[in-house]
Structures are given as structure tokens and as C-alpha cells.
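Open the model in a viewer and keep the sequence panel beside it. The stops below say what to select and what is there.

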Amino acid sequence: MHSLTINLKTPAIDDRPVFITGNFCEWALAIETLQLQQQRPGEYTLELPIDESWPPVLEYKYYRGGEGSLELDEQGEPTPNRSIPRETVHVTDEVPYWQWNGLSVNPAFMPIEEVRYIDYPGSDQPRRVQIVLPYDYESSGRVYPVLYLNDGQNLIGEGQGFGSWLTEVRLAQLASRQHHGVIIVAVDHSGADRLADYTVEAVRPGFGKGRTYLDFLVNVLKPMIDSNFRTLADAVNTGIGGSSLGGLISIWAGLLYPDVFGKWLVFSPSLWISPGIYARAAQQLLQPYTRVYLYGGEAESKSMKANLNRLRANLRCRADACAFLHIAIDPAGLHEERCWSAELPRAIDWLFFNPADETRQEQATQQPANSS
């Protein structure tokens with residue numbers, strides 16, 4: 001007989017008790033001796049006596065409270081059974097998220113959604129804007145940073161055509177970690193003129209109307225958001241983001257309006273379509289408050305990783321403020337909403353809830369807020 005020490009880490013804040021079950025107990029639930037004990041917030045432990053009557057390979061899972069509350073992975077999906085040899089004496093596991101009565105998120109954490117239609121310069125078609133507020137917005141009294149996201153048609157709900165980032169679900173997941181304190185503003189593209197809206201350089205016919213789109217964001221949409229919602233309106237607390245062409249125009253937004261957009265969320269940007277962006281990046285010294293999150297998948301194209309690294313090399317910062325950039329390369333990542341959806345919580349966490357920025361954020365929250 002020997003003792004197995006189990007250590008579990010979970011960033012999700014949850015009052016439900018944590019148990020382990022497996023083939024050693026015929027997957028029974030709510031066995032008192034299989035309840036892990038909390039050592040500190042997010043950390044649990046259990047000592048299990050094991051003898052030769054146990055299976056040679058121990059298969060197991062964690063759950064909270066009871067049936068329908070199993071562990072979930074980073075994508076919010078059920079995990080396969082864990083397994084270790086019976087002889088193991090110590091194991092450390094991590095659970096990113098948990099089911100809630102069979103659901104992938106606690107429905108009480110789902111954000112509040114509003115839809116508005118805003119007049120777009122030079123067009124008789126107003127632009128749809130979906131505003132996603134923290135679930136406790138009405139009761140918190142807090143003021144919030146804002147993240148503007150492009151390609152709104154593919155960010156919320158089922159999406160259109162290519163799928164969805166499931167932004168509202170990802171925010172509910174982050175709420176389980178108390179990292180939901182950000183307002184998302186999802187801006188639709190124009191449909192047939194998407195290529196024009198999201199490109200600054202007129203390298204092909206029909207391209208190059210990105211400055212008009214960015215002027216709409218900065219001088220029409222942002223003032224409306226700041227006057228109607230409790231926002232932290234400065235660049236330190238304002239982000240811009242998107243994927244593919246939406247990621248490309250986000251880079252241009254950060255370069256052209258550094259005093260407006262201090263956080264860039266850039267997924268799989270179409271850098272190949274904008275050859276001048278590298279020189280522009282190299283010519284500009286980023287503000288000390290700038291934060292850039294770059295993501296791409298090696299399975300997207302042969303050039304994605306190389307292009308991201310080239311962009312990273314060209315982005316410039318002050319010598320004493322160069323912890324401004326994070327780059328994530330997924331070896332299996334594809335050019336699709338499913339991958340961007342999975343990356344979204346990590347990007348929001350790094351951009352808006354980075355421990356290194358806590359002091360700066362606290363100072364910012366002390367300023368007068370825009371409210372209504």
C-alpha cells in the first residue's frame with residue numbers, strides 16, 4: 001500500500017465542493033472520502049491510500065458538487081478521462097473551467113447584450129453594433145475598459161457564414177475567474193465592401209477605405225459608447241481587435257490612433273495584403289501603455305508564423321517599457337472562428353487582467369468615468 005497525493009489547481013472561483021471519481025470507485029459520485037480539501041483559493045489537495053486491489057491504471061475525473069458538473073478544458077469542452085499508473089505517488093492537475101448543471105457555463109454569468117444601429121458616413125445603411133456588457137453591469141456601479149472588435153457578424157451567438165467566436169460564452173467563462181470586467185463592442189463589417197473597410201493601402205482596386213472606417217470608430221462610435229455606458233475612455237483602457245482582415249485593420253488602428261487604442265488584439269492578421277504595414281510599424285515608437293497580443297496558427301499558411309514574427313520585430317517601444325507584447329503560435333491552428341474563439345479568453349486575460357498592469361489599472365479607475 002502507498003499514498004497518492006493529488007494537488008489540483010483551478011482559476012475558476014466556485015463555492016461548490018470538489019470531488020474526484022474514477023474506475024477505482026466505479027465512477028460513483030459524492031463519496032465523502034474522495035472530496036478534495038481546499039488549501040487556499042483555487043488550490044485543493046487529497047491523500048488517497050492505494051493498494052493492489054485498485055486497477056493497474058487509474059482513470060479519473062474531477063467534478064464539483066454532483067452530476068452535470070464535470071471539469072472542462074480551456075475551450076469549455078468536456079475533457080477525456082485522466083489516467084496514471086497505480087504506482088504514482090504524486091500528481092498535480094489543473095482544471096480551467098467547470099460545468100454548471102450540465103451547461104458549459106453558469107447561466108448567471110452570461111453577459112447583457114444590446115444592439116444599436118449607427119449611421120455610417122457616406123452610406124445609407126446604418127452599421128449594426130452589438131454591445132456586450134458584464135453580467136453584473138446594472139448592479140456593480142463600476143466603470144469598465146472597452147474592447148472594440150471587428151467582423152461583428154461572427155462574434156456572438158451562432159454567427160453568420162463562417163461560425164462564431166461565441167464571445168458571450170467566453171465572457172461567462174472569464175466571469176468564473178472574476179475577469180469579466182470589460183465591455184465588448186462588436187462592429188459589423190459592411191458586407192460587400194469588407195475588403196475596402198479593413199484595408200488602408202489601396203494595393204488593389206476596391207481596397208483602401210480603412211481610414212474612413214477607423215474615423216467612424218474613433219469619431220462616431222466611440223463617443224456614443226462613452227456617453228451611453230460607464231467606460232474608462234482613455235487609451236490605456238481602450239482596445240481594438242479582430243481576426244484576418246479584422247486583425248489587419250486593428251494593427252492600423254493602433255498605429256494611426258495610438259492615443260485612442262492602447263490595447264491590440266490581433267488574430268491571424270492578413271499581413272500579406274498590406275506590405276507597407278511593416279515599414280509603418282518600424283517608424284513609430286509605441287506609447288509605454290501599449291499592449292499587443294498577436295496570435296496565429298501554423299496550419300493557416302506557410303507564411304503566418306513568419307509574418308507575425310516580422311511584425312513583432314518591427315514594432316518598437318521604449319527600452320524600459322518593452323514587456324508590451326505577447327505572441328502565441330498554435331502549431332495546429334487554422335484560419336477559422338473556432339480557433340479564434342478558443343484564444344479569446346487568453347487574450348482578454350493578458351490584455352486587461354495582466355498582474356503587471358494592476359497598479360496602472362487601479363490608477364486609471366480613479367479617474368472620472370463616462371456614465372449614463
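Begin with two helices, α4 and α5, which are roughly perpendicular to each other because their angle falls in the range of 65 to 115 degrees (under 35 would count as roughly parallel, over 145 as roughly antiparallel, and the rest as oblique). Select residues 210-228 for α4 and 245-256 for α5: they pack at about 70°, with axes 11 Å apart. Axes are lines fitted to C-alpha atoms, for helices over the stretch in contact, and angles run from 0 to 180 degrees between N-to-C directions. Helices (H or I, at least four residues) and strands (E, at least two) are DSSP runs, numbered from the N terminus.

A note on the source: this is a predicted model, in which local features need pLDDT of at least 70 and side-chain atom pairs count only at pLDDT 80 or more, while totals for chains, interfaces and linings use all residues. Residues are numbered from 1 along each chain as its sequence is written, and side-chain values use heavy atoms, with hydrogens and water left out.

Now show the side chains where the two helices touch. G210, R211, Y213 and L214 of α4 meet I249, W252, A253 and L256 of α5, contact being heavy atoms within 4.5 Å. The residues of this contact divide into six nonpolar, one polar and one charged. Here Ala, Val, Leu, Ile, Met, Phe, Trp, Tyr, Cys and Pro count as nonpolar, Asp, Glu, Lys and Arg as charged, and the others, Gly among them, as polar.

Next, colour the sheet of eight strands. This open sheet has the order β10-β11-β13-β12-β14-β15-β16-β17, with mixed pairing; two strands pair if DSSP finds at least two bridges between them. Its edge strands are β10 (112-118) and β17 (325-330), each pairing on one side only. On average, neighbouring strands are turned by 15° against each other, direction ignored.

Select β16 (291-297) within this sheet. Is this strand covered or open? Strand β15 pairs with β16 in the parallel sense over five bridges, and V266 stands opposite L294.

Helix α7 (residues 304-314) touches β16 and β17, and its direction makes about 165° with that of β16. Helix α8 (residues 337-352) lies across β12, β13, β14, β15, β16 and β17, running at about 160° to β16.

Move to β12 (residues 146-149), which runs parallel to β13 and is joined to β13 by four bridges. V146 stands opposite I183 in β13. In the loop between α2 (167-175) and β13 (183-187), select R177. At 13% relative accessibility, R177 counts as buried. Leaving aside neighbours within four places in sequence, R177 is in contact with P11, A12, I13, E74, P96, Y97 and D349.

Finish at the sheet of four strands, which is open, has the order β3-β4-β1-β8 and shows mixed pairing. The edge strands here are β3 (37-40) and β8 (90-94). Strands β3 and β4 (residues 43-50) pair in the antiparallel sense over three bridges, with R40 opposite E43 in β4.

Terms used: Buried means under 20% relative accessible area, exposed over 50%, partly exposed in between (1.4 Å probe, protein chains only).
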